[in-house]
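Here is a short report on how one protein model is packed. Have the sequence and the 3D view at hand.

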Amino acid sequence: MSKSELEVRLAPEHSYDKILCSVANACHNLLTLEEVQVLVKNATGVKADVQKFSLKPYSDGKLGFLGSHQKLCVEIKTASGIELLSFFVKVVPYDVPTQAEYVLEKCVFLKERIFYRDIVPQFHHVYKHEQWTATCYMAKENMLVFEDLSERGYSLRNKLFDKELIVSGLTSLARLHASSLLVEAQLGKSLKKMYPRAFVENAFPQTGKTRTWFNVSVNAIVAIAEHIGLDASSVREACEEVFPAMKMSSTKRNVTSHGDLWGNNLMFSDALPSNCLLVDFQLLRYSPLAHDVIQFLYLCADHDFRVTWEESMLKHYYSVLCEILNSTKSVYVEVPPWSELIEGMEEQRLAAVITAAVYFQTVLLDEQISANIMNDPDAYHKFEFKNRNEIVINAMKTDPVYCKRLTETVTELVEFSFRLDELPKPT
């Protein structure tokens, strides 16, 4: 997306020039004492005397790729003594300027800020039951502060989920989607029309720097296909089909969709059965129900699981969605028919395969290799916007899991590429 497009589509809340001009200084003074005091009150419900606070990296590994993740530790004094609080903080990655510039251009913090500040409170108003996302206590232009889910026993899991985790993830997706439908029924308005900035497509735009990133990703897919001995002659044409699938449907019900459901964007409780919380809504979009569902299944389950369990998983998701919509007496919502979900799954399948083939190149990389790339401005720029073929192929040679996930996904994409005319188109 070009600079001029962003200015037109996202003004007046955000100016591209404005957010970039302060990059050099923005890594300092991220939080003031006054802000921390407000944050503590938001989190605890009482005014406390903040003694001291500090920010430090949340993890040695890379938790995400569109932000720097920090742990905020706050020492407060209360009537009962000294108490320590911790929060999860997401910040623009100013320590890597090229990455910060890219993150700011994609407006991922703008979208997520609008989501947690304006949209989520309305969702909680209509659906007051089970929690499906983390609590956000502060939403600033360059920073979001959340509850520290690890303190409540939530954690990330292996990026290939088992049946229990898939069921848990689909349950939370159904809660998100049902909340979206309930709010729109109550307001009589489309959330996309109410908050257009929150739903600007920033994962797969057809212009700008992210388009360059996509082209580099497609080049790597071609290289992978050739590396495993497949005919990649139709892959580039097939990958162009991802763009119409990112748009809202004209024939199906649309909902607020997460849009980025790879393994690190879902956290699970230690309880049995495990509860799932969806995190990181930086690539939010407005899409038919099936969009999130099939993307989740392709990003977090393997081919064998989908062949065996896909229909059963869809029935579970749909039953939770229907239960929530039918049990909410204060708002009437016409439940989307089962046939709409099934039709949508097939219309969105090719885009889900493409998304997986693109994402896996980065999100499944060995954490140390990934950290080395993301923390080196030159290496980051080359990997994201020039050529990553050699790194990806070498990783496939040394990492069996990385090789297996990419091989099965690219193989399916190549198979689809030779029957594009037969595949249903998103409507």
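In which kind of crossing, left-handed or right-handed, does helix 7 pass helix 12? The crossing is right-handed. Keep in mind that this is a predicted model.

**The helix pair**

Helix 7 covers residues 163-187, and helix 12 covers residues 289-300. Their axes lie 11 Å apart. The packing angle is about 160 degrees. Angles over 145 degrees count as roughly antiparallel, so helix 7 and helix 12 are roughly antiparallel to each other. On the helix 7 side, the contact includes Leu165, Ile166, Gly169 and His177. On the helix 12 side, Leu289, Asp292, Phe296 and Cys300 are among the residues involved.

**The nonpolar core**

The largest nonpolar core has 144 residues. Ile166, Phe214 and Tyr317 have the most contacts inside it. Helix 14, residues 338-363, gives this core its largest share, 13 residues. Leaving aside residues up to four places away in sequence, Phe214 touches Phe204, Cys239, Glu240, Val242, Phe243, Ile354 and Val358. In general, nonpolar side chains tend to be buried together in soluble globular proteins.

**The cysteines**

The disulfide count is zero. A disulfide needs two cysteine sulfur atoms within 2.5 Å.

| Cysteine | Nearest cysteine sulfur | Distance |
|---|---|---|
| Cys239 | Cys403 | 19 Å |
| Cys276 | Cys300 | 9.0 Å |

Is Cys239 buried or exposed? Cys239 is buried, with a relative accessible area of 0%. Cys276 is buried too, with a relative accessible area of 0%.

Terms used
Residues numbered from 1 in each chain as written. Predicted model: local features only at pLDDT ≥ 70, side-chain atom pairs only at ≥ 80, totals over all residues. Heavy atoms only, no water. Core = buried A, V, L, I, M, F, W, Y, C linked by side-chain atoms within 4.5 Å. Buried < 20%, exposed > 50% of the residue type's maximum accessible area, 1.4 Å probe, protein only. Helix = DSSP H or I, 4+ residues; strand = E, 2+ residues; numbered from the N terminus. Contact = heavy atoms within 4.5 Å. Axes fitted to C-alpha atoms, helices over the stretch in contact; angles between N-to-C directions. Parallel < 35°, antiparallel > 145°, perpendicular 65-115°, else oblique. Left-handed = near helix turned anticlockwise from the far one by under 90°.
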